[in-house]
Amino acid sequence: MSPNIVGRVREALRGGQRVDPDALIARLAAVRRFLEAADGQLPDTQLVPAHTLVERAGTRLSLSRDHTVVALAGATGSGKSSLFNALARFELSPVGVRRPTTGVAHACVWGPLDGATRLLDWTGVLPRHRFVRESALDGDDESALHGLVLLDLPDFDSVQRSHRLEVDRLLGLVDLVIWVVDPQKYADRVVHSSYLREFHRHRDVTLVVLNQADRLPPAELPRVLADLRRLLDADGLDGVPLLATTAVDPGGITELRATLECTVAERQAALLRLAGDVDTVVAGLAELVAAEPPAGVPDAGPASGLNRALAGAAGVPAVAEAVEGAYRHRA
Ligand SMILES: Nc1nc2c(ncn2[C@@H]2O[C@H](COP(=O)(O)OP(=O)(O)OP(=O)(O)O)[C@@H](O)[C@H]2O)c(=O)[nH]1
Ligand SMILES: [Mg+2]
């Protein structure tokens with residue numbers, strides 16, 4: 001892969017932005033202040049996403065920041081386990097003809113397991129499905145991927161409810177998602193409406209691969225990639241990196257591997273993921289505050305407390321102004 005492509009993928013993955021950990025922590029503290037100010041003022045049920053975020057972000061940031069947790073997600077048979085094994089260079093996760101094959105998540109850690117154990121405990125991947133790639137022991141040059149925790153997920157469109165639950169749980173935790181689609185099913189409605197579209201605020205930590213590229217006549221590949229790009233744009237995922245892969249050919253994952261090397265080296269994915277989560281929560285809270293002022297006097301103490309906290313959480317004055325405007329209007 002040329003340095004140019006690596007650079008472009010890297011730029012696309014973080015939208016040219018870096019997340020400053022202190023700024024992120026300050027925004028999370030502001031969400032916490034908002035929740036304190038909103039206690040008893042706004043309906044509890046509407047505050048659940050913000051409470052969940054504060055809890056989850058606190059845990060993720062307290063666990064290893066040297067690791068990047070990346071999930072392979074997609075429909076059954078798209079080739080998630082095959083890509084997992086190809087990246088690990090070992091047959092770690094069974095690939096089968098029976099569908100669906102993978103029922104619970106499998107994990108592979110590059111580098112020493114010690115530092116990643118608590119992180120893996122948090123993801124809930126069972127110890128017997130955890131594997132280690134440690135270059136010092138196996139002699140391969142895997143050092144560029146040190147810090148990667150790769151997860152092979154079950155199928156998200158599964159006939160098995162337990163598979164879908166496992167996928168949804170893990171998609172809420174991981175730092176970056178690689179969506180694996182194949183030439184036959186890349187346009188399926190459920191992939192786009194139930195999943196990809198939901199991730200539009202996480203564009204910076206989203207990567208899409210068209211796997212099984214070898215099954216397409218070479219002349220067809222650009223057309224299918226262009227069609228998939230059009231669908232991704234419609235999902236609100238314009239600009240996300242889109243790569244073609246062939247899991248059954250060692251040369252067919254070169255770009256994907258190089259992209260993961262960049263991602264791991266930058267150590268930004270966890271922060272970008274959480275920043276996207278804060279954006280999502282703040283957008284929901286801004287609507288809520290604008291729609292429902294606290295009981296009693298609208299712009300007195302509690303209201304300005306909420307505004308100040310939300311402004312801090314938003315990290316952008318525009319949201320604070322919009323919220324303040326809504327209060328003034330009601331007053
Ligand atoms: N030709 C070709 N076959 C592939 C490729 N990737 C996967 N396959 C085959 O596609 C089938 C499904 O692959 P899996 O890796 O088990 O797919 P999966 O996404 O993990 O499926 P589930 O675990 O059921 O969700 C297997 O027979 C693989 O050998 C590829 O790039 N090219
Ligand atoms: Mg599988």
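## Basis of the description

Because the model is predicted, local features need pLDDT of at least 70 and side-chain atom pairs count only at pLDDT 80 or more, whereas totals for chains, interfaces and linings use all residues. Residues are numbered from 1 along each chain as its sequence is written, chains are lettered from A and ligands numbered from 1 in the order in which they are written, and side-chain values use heavy atoms, with hydrogens and water left out.

## Overall architecture

The secondary structure of the protein chain comprises 13 helices and 7 strands, where helices (H or I, at least four residues) and strands (E, at least two) are DSSP runs numbered from the N terminus. Of the 331 residues in the chain, 50% count as buried; buried means under 20% relative accessible area, exposed means over 50%, and partly exposed lies in between, with a 1.4 Å probe and protein chains only.

The protein chain exposes about 15000 Å², of which carbon and sulfur atoms supply 53%; the areas come from the Shrake-Rupley method with a 1.4 Å probe, and for residues only the protein chains shown count as cover. Among contacts (heavy atoms within 4.5 Å) between residues at least 6 apart in sequence, 75% join residues at least 24 apart.

Ser 81 belongs to helix α4 (residues 80-88) and Thr 102 to the loop between α4 and β2 (106-110), so the pair ties together parts that are 21 residues apart in sequence. Both Ser 81 and Thr 102 are buried.

## Salt bridges

Side chains of opposite charge can pair when their charged atoms come close. A search of the whole structure finds 15 salt bridges, each defined as a side-chain nitrogen of Lys or Arg within 4 Å of a carboxyl oxygen of Asp or Glu. One of them joins Arg 197 and Asp 235, with the closest N and O atoms 3.2 Å apart. Arg 197 sits in the loop between α8 (189-195) and β6 (206-210), while Asp 235 sits in the loop between α9 (221-234) and β7 (242-244), so this pair ties together parts that are 38 residues apart in sequence. Arg 197 is partly exposed at 39% relative accessibility, whereas Asp 235 is buried, with a relative accessible area of 3%.

A salt bridge also forms between the side chains of Arg 203 and Asp 238, at 3.4 Å from N to O. Arg 203 is in the loop between α8 and β6 and Asp 238 in the loop between α9 and β7, so the two tie together parts that are 35 residues apart in sequence. Arg 203, at 33% relative accessibility, counts as partly exposed, and Asp 238, at 40%, counts as partly exposed. Within helix α11 (residues 269-291), Asp 277 and Arg 273 lie 4 residues apart, about one turn of the helix, and form a salt bridge whose closest N and O atoms are 3.3 Å apart. Asp 277 is buried at 6% relative accessibility, and Arg 273 is buried at 6%. Arg 89, Arg 133, Glu 142 and Arg 257 are linked in a network of salt bridges.

In helix α7 (residues 161-171), the residues His 163, Glu 166, Val 167, Leu 170 and Leu 171 are buried. Seen down the axis of α7, these buried residues fall within an arc of 125 degrees, so they line one face of the helix; the arc is that of the directions from the helix axis to the C-beta atoms.

Arg 60 is placed in helix α3 (residues 48-62) and is buried, with a relative accessible area of 2%. Leaving aside neighbours within four places in sequence, Arg 60 is in contact with His 67, Val 69, Leu 119, Trp 122, Asp 175, Ala 270 and Leu 274.

## Strand β2 and its partners

In β2, 5 of its 5 residues are buried: His 106, Cys 108 and Trp 110 point one way from the strand, and Ala 107 and Val 109 point the other way. β2 pairs with strand β4 (residues 148-152) in the antiparallel sense over 4 bridges, and Leu 150 in β4 is the bridge partner of Cys 108. Strand β3 (residues 130-133) runs parallel to β2 and is joined to it by 4 bridges, with Val 132 in β3 as the bridge partner of Val 109. Two strands are said to pair if DSSP finds at least two bridges between them.
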